[in-house]
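The sequence and structure come first.

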Amino acid sequence: MSTSPQATPGGTTGYADTHEHHDTRAAWRTGLVVFAGTIMIVAGVFQALAGLVALFRNEVYVVGLNYVYSFDVTTWGWIHLIVGILVAVAGAAVLAGQTWGRVVGVALAVVSMLVNFMFIPYYPVWSLLIIALDVFVIWALCTSPREAVDV
């Protein structure tokens, strides 16, 4: 019984195939982290802009009288502005390869999901889109390798 790698029909060995598979998986994971960091920055900026709209043009957002999570629109503006800025900063940290950026990014994505869930009656399509993007960000940051990602 031989311990040397056996050639496959394509002429490659099992060792090379395993190495290529590992490189492909690492590239996908790195790409997902870069995409998650970019999405965090873009979504954070958009969320901050939505907060500014709520602060300066609060008549844009209208909700019925019987909503459980009804805050003043100005309060929602400050919430979105602060969460948006924090998410964008964490996204920049993720792109810089900072471990704390990933941890904070997951926590802020959860906070962003909760905030947007409560904001659904004010701006439903936007809120649901941000929730979906936050789910992806959490998945990408939790499944990525622990080593820092160089961008």
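## Nonpolar patch

Val42, Val45, Phe46, Leu49, Leu52 and Phe56 make a nonpolar surface patch of about 540 Å². Patch members have over 30% relative accessible area and no salt bridge, and nonpolar side chains (Val, Leu, Ile, Met, Phe, Trp, Tyr) are joined within 5 Å, like charges within 9 Å. A salt bridge is a Lys or Arg side-chain nitrogen within 4 Å of an Asp or Glu carboxyl oxygen. Areas are Shrake-Rupley values with a 1.4 Å probe, and for residues only the protein chains shown count as cover.

Phe56 lies in helix H1 (residues 14-56). Its relative accessibility is 65%, so Phe56 counts as exposed (over 50%; buried is under 20%, partly exposed in between).

## Basis of the model

The model is predicted: local features need pLDDT of at least 70 and side-chain atom pairs pLDDT 80 or more, while totals for chains, interfaces and linings use all residues. Residues are numbered from 1 along each chain as its sequence is written, and side-chain values use heavy atoms, without hydrogens and water.

## Chain overview

The protein chain has 4 helices and 0 strands (DSSP runs of H or I, at least four residues, and of E, at least two, numbered from the N terminus). Of its 151 residues, 34% are buried.

## Helix H3

Helix H3 (residues 99-118) has 20 residues and spans 29 Å from first to last C-alpha, close to the 28 Å expected at 1.5 Å a residue (1.5 Å times one less than the number of residues). The buried residues of H3 fall within an arc of 140° seen down its axis, so they line one face of the helix; the arc is taken over directions from the helix axis to the C-beta atoms. Among these buried residues are Gly105, Leu108 and Ser112. Exposed Thr99, Val103 and Leu114 sit on the face of H3 turned away from its buried side.

Technical notes. Buried < 20%, exposed > 50% of the residue type's maximum accessible area, 1.4 Å probe, protein only.
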